[in-house]
Amino acid sequence: MKYGGYTGKILTVDLSSATFGEFPVTDELAEGFLGGRGFAAKILYDELAPGIDPLGPDNKIIMVTGPATGTLVPTASRIGVGCKSPLTGAQSVSYMGGHFGAELKYAGWDGVLISGVAKGPVTLVIDDGAVSLRDASDLWGTDTRTTQELLAATLGRDFKFGAIGPAGENLVSYANFMHVQHAAGRGGIGAVFGSKNLKAVAVRGSGGLTMGTPTGAYIKGCRELHQIIMENPVRDAFRWVGTTGMLPHINEAVGLPYRNHRDDRAPDVSGIHSDEIAKYIKQYEACGGCDVICGSVVEFERRGRSYRSERIEHESVWALGPLCGVTDLPAIMEAGHWCDLLGMDTMSAGAAIAWAMEAQEHGLLSASDTGGLDFSFGNAGVLLEAVEAIASREGFGDVLARGSRGAARHLGRGEDLAMQVKGLDIAAYAPRAFTGMALNYATTSRGADHNKAFTVAAEFLGVLGDYDRYSLEGKPELVKSMQDSAAVIDSLIMCMFTVDLGISVDLYARSSNLPTGMELTAADVYLIGERINTVERLFNIREGFTRDDDRLPPRFAVEPAPSDEGGHTVDVTAVMDEYYAVRGWDARGVPAAPLLDRLGLEHAWSRDA
Amino acid sequence: MNYVEFHKDKCINCDLCSEVCSLHKLGRIQPSAAAIRVTRDPSPYLGERRCAVCDMAHDRACVDSCPEDALIFDESAGVIRFDAGACTGCLNCLDACPNVARDPLSGRIMICDLCDGSPLCVEWCPEHALTWEGRA
C-alpha cells in the first residue's frame with residue numbers, strides 16, 4: 001500500500017481447521033476507515049452474518065491496531081478487540097493499552113481476524129510471521145495473571161501476552177481480555193474467546209514500521225505533539241493519580257451515581273479519595289509511547305492477604321464503590337483485583353451487584369434467590385463473594401453473570417432497576433448531571449459507553465467549551481461531533497485522555513498524517529468518524545435495533561437525585577428527533593440515503609435493505 | 001567520556017527511547033533493533049526494569065570478539081563504530097555483550113553512538129530516567 005504506518009496486512013486464523021491466512025489492508029480501506037475502530041466496524045459489518053449467536057461458532061473476533069500504533073505518536077500503543085457482543089447483541093470494540101498492540105505491529109500485522117472454534121483450549125502464538133496454535137489445556141482454569149506468567153516461562157519473556165480468565169471460559173457476558181492488567185474490558189469479548197476455546201494470545205515482533213513522513217520531519221512533528229501534552233497542566237493530575245483524581249470533584253458536583261443511581265452524590269468519599277489511593281502506590285507505569293503515565297503498581301493488604309496489583313481506576317473504584325454504596329477502599333481494590341485476574345469488566349460487575357442491591361431492597365430478591373449472599377447497599381463484604389460467584393457461575397453468580405439487564409430478564413423482574421443502555425451498564429458520570437453524557441449513552445452503538453463522547457470535558461471541565469450541563473440545548477451537535485472525533489481517536493489508535501490534554505481535532509489530523517503521509521484536515525477527521533459511526537449503526541439496525549433501544553432507564557426522566565437541590569431530570573427522547581436529523585438519520589433512526597451517498601456507503605446498505 | 005545513564009526507578013517503560021532510536025538510526029521504528037532497549041522482570045508483578053545500552057565502560061568485549069575490524073573504538077568520539085563492509089555476520093559480538101543489538105533487515109550491528117553528542121533517547125525520556133552523564 002502507498003501509506004506509511006501500516007504493515008499492510010491482517011492475519012486470519014480459523015480455529016476450527018487450525019489454518020492461517022492473510023488479507024491486505026488496501027489504500028481504499030485506509031482512506032475510508034483509517035484503522036482501529038474504523039477497520040473493526042467495516043470488517044464486522046462485512047464478515048458477520050445477521051442474527052448470529054454471539055457465543056456460537058459464527059461470531060468472529062477482530063483484533064485491530066491503527067496507523068499510529070507503535071509509532072512515536074503520543075499514547076498510540078492501544079489495540080481494539082471487537083466482536084458481536086454477548087452482553088448487548090450489538091457490535092462492540094474494546095480498547096486496551098500496554099505493549100500488546102505495538103508488538104503485533106512489529107510482528108508485521110495490522111490486525112488479526114479470528115473465526116471458528118478450536119477443538120480444545122489453545123493459545124494463539126504469533127512470532128513475527130510464524131503463526132501456530134498451542135495446546136492450552138494446562139492453562140484452562142487459571143487466572144489471567146497466572147496464564148501470562150506460565151506462558152512467559154514457556155515461550156519467552158520477550159513475548160507480549162493477552163488472556164482470558166475463568167470468567168471468559170465460563171461465558172460471563174461481560175468477561176474481558178487482559179494484557180498484564182490492561183483490560184479490553186467492556187462488552188464481553190472474553191466470553192467470545194471462551195466460546196472459541198481461545199485461552200490466550202502471545203505475540204512477539206522483531207520487525208520495523210516505515211513512516212509516511214521523512215524521518216527528520218517525523219521526529220520533529222511527533223516531538224511537538226508530545227510537548228503539547230507534557231506542558232498541559234492536566235498531565236500532572238494524570239501523572240500522579242491517574243483517573244482517580246476526578247472522583248471527589250464529580251461527587252461534589254452531584255454527578256457521581258450512588259447506590260445504583262438512586263442519588264448522584266455519595267455522602268462521604270474521603271475514604272476513596274485519590275490521596276488515599278495514592279498511599280498504596282509503589283511505582284509508576286506507562287503504556288507504550290505515552291508520557292502521561294496514568295498507571296501505577298500498588299501494594300495493599302486485606303484480611304491477611306497481600307496484593308501487588310495495578311492501581312484501581314476511576315470507573316472501577318466507582319462501580320465497586322459508591323455505585324454499591326461502599327467506600328471501604330481495600331475491599332474495593334480487592335474486588336477490582338479479582339475482577340482483573342478472574343477476567344471480567346469491573347464496571348458491569350459493579351453494576352450487576354448494585355442492581356442486586358436495589359432489587360433486594362425492593363423485595364424482588366430473597367435470601368433463597370441469592371443463596372444467602374447479603375446484597376444490602378454498603379455491604380463491602382459481598383463484593384468479593386459476588387465476583388467469585390459470577391466468575392464460576394455458581395449459585396446466584398450464574399444470574400449476575402448475565403449482566404444487570406440479563407439478570408432481570410432471567411428472573412422476570414427488576415428490569416427498570418438495571419441501569420444500562422442496550423445492555424451495557426452506564427458509566428461513572430450521572431446522566432441527570434451531564435445531559436450530553438445522557439444523550440451519548442443513549443445513542444452510541446455499543447450501549448452506555450462514556451468514551452464514545454466524553455462531553456464532561458465540555459460540560460464540566462471547561463476543556464471544549466462551556467455548555468450548561470443540565471440543558472439539552474446544543475447537545476445533539478456536541479454529542480455528534482464528539483462521537484465522530486472519538487471514532488477517529490479509536491482508529492489511530494490514540495488514548496481518549498488526549499482530548500483533555502490539548503490535542504484538538506486539527507492535531508488528530510496531524511497525528512494521522514505523520515505516520516501515514518495522508519493530508520487529512522479536521523473536516524476529514526469528522527467525515528471519517530461520521531462514516532465509522534454510521535457503519536456501526538447499520539450493523540445494529542441489521543440486528544434489529546430500533547429507536548426504542550436509544551433510551552435510558554425510566555428513572556432519569558422522573559426521579560431527581562435527592563442531593564441535587566435543582567431537582568434536575570433528563571429525558572433524551574425530547575431531542576432524539578433533533579439528534580437523528582443532525583446525524584442524517586430518518587425518524588426511525590436509520591441512516592438515510594443522502595447520508596449514505598455522501599459517505600460512499602450506499603452500496604453496503606442497499607445490499608441488505 | 002560521555003554515556004547514557006539509566007535510572008531504573010524513574011523508568012516508566014514507555015519505550016519511547018527505543019522507538020526514536022531505531023527510527024533515527026534505521027529510518028524505521030523497530031525497537032528490537034534499537035541501540036537502547038528496556039526490558040523488565042515479570043515477577044513480582046511488573047518487577048525491576050533493565051536497560052540494554054552501551055555504558056561506554058569499554059571493556060570493549062564486542063570489539064575484542066570481532067574477528068575482523070567491523071567494530072572499532074573511535075577514540076575521538078569515545079564510541080564504538082560499526083563497519084558493515086568488514087562484518088562477516090559471525091554474531092560473536094551479540095554473544096559477547098547483551099547491550100549489542102542487530103538489525104535483521106540490514107545486518108547492521110547496533111551500538112549506541114550517542115547521536116553525535118545529542119542523544120535522542122535522553123531528549124525524549126519523559127521522566128529523566130535517561131540522563132547524559134560525563135565521566136572523567
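Student: Which way do strand 3 and strand 6 of chain A run, antiparallel or parallel, and how many bridges join them?
Tutor: Bear in mind that this is a predicted model. In it, Ile61(A) stands opposite Ile114(A) in strand 6 of chain A. Strand 3 and strand 6 (residues 111-115) of chain A run antiparallel, and the number of bridges joining them is 4.

Student: What is the strand order of the sheet in chain A?
Tutor: It's an open sheet with mixed pairing, built from 6 strands. Strand 2 (19-24) and strand 5 of chain A each pair on one side only, so they are the edge strands. Neighbouring strands of this sheet are turned by 20° against each other on average, direction ignored. The order is 2-1-6-3-4-5.

Student: Which helix packs on that sheet, and what angle does its direction make with that of strand 3 of chain A?
Tutor: The helix is helix 2 of chain A. Helix 2 touches strand 1 (9-14), strand 2, strand 3, strand 4, strand 5 and strand 6 of chain A. Its direction and that of strand 3 of chain A make an angle of about 160°.

Student: Is strand 5 of chain A buried or exposed?
Tutor: Look at which way the side chains go: Gln91(A), Val93(A) and Tyr95(A) point one way, Ser92(A), Ser94(A) and Met96(A) point the other, and all are buried. That covers 6 of the 6 residues of strand 5 (residues 91-96), so the strand is largely enclosed by the rest of the structure. The answer is buried.

Student: Which residue is the bridge partner of Lys84(A) in strand 5 of chain A?
Tutor: Strand 4 (residues 79-84) and strand 5 of chain A pair in the antiparallel sense over 6 bridges. Between these strands the hairpin has 6 residues, and Gly89(A) takes a positive phi near 80° there. As for Lys84(A), its bridge partner in strand 5 is Gln91(A).

Student: Where is Gly56(A), and is this residue buried or exposed?
Tutor: Gly56(A) is in the loop between helix 2 (36-47) and strand 3 (61-64) of chain A. Its C-alpha atom is separated by 9.9 Å from that of Pro86(A), 30 residues apart along the chain. The cut-off for buried is under 20% relative accessible area. Gly56(A) has 9%, so it counts as buried.

Student: How do helix 7 of chain A and helix 1 of chain B lie, roughly parallel or roughly antiparallel?
Tutor: The axes of helix 7 (residues 215-231) of chain A and helix 1 (residues 16-26) of chain B come within 10 Å and cross at roughly 155°. Angles over 145 degrees count that way, so the two helices are roughly antiparallel.

Student: Which residues make that contact, and how many are charged?
Tutor: Helix 7 of chain A brings Thr215(A), Tyr218(A), Ile219(A) and His226(A), while helix 1 of chain B brings Leu16(B), Val20(B), Leu23(B) and His24(B). By class, the contact has 5 nonpolar and 3 polar residues, and the charged ones number none.

Student: What is the radius of gyration of chain B, and what would a compact globule have?
Tutor: Chain B has 4 helices and 8 strands, and 53% of its 136 residues count as buried. Its C-alpha atoms fill a box of roughly 40 × 30 × 30 Å along the principal axes. With 136 residues, a compact globule would have a radius near 14 Å, which agrees with the value for chain B, 15 Å.

Note on methods
Residues are numbered from 1 along each chain as its sequence is written. Chains are lettered from A and ligands numbered from 1 in the order in which they are written. This is a predicted model: local features need pLDDT of at least 70, side-chain atom pairs count only at pLDDT 80 or more; totals for chains, interfaces and linings use all residues. Side-chain values use heavy atoms; hydrogens and water are left out. Buried means under 20% relative accessible area, exposed over 50%, partly exposed in between (1.4 Å probe, protein chains only). Axes are lines fitted to C-alpha atoms, for helices over the stretch in contact, and angles run from 0 to 180 degrees between N-to-C directions. Angles under 35 degrees count as roughly parallel, over 145 as roughly antiparallel, 65 to 115 as roughly perpendicular and the rest as oblique. Contact means heavy atoms within 4.5 Å. Ala, Val, Leu, Ile, Met, Phe, Trp, Tyr, Cys and Pro count as nonpolar, Asp, Glu, Lys and Arg as charged, and the others, Gly among them, as polar. Two strands pair if DSSP finds at least two bridges between them. The radius of gyration is taken over C-alpha atoms; the globule rule is 2.2 Å times the number of residues to the power 0.38.
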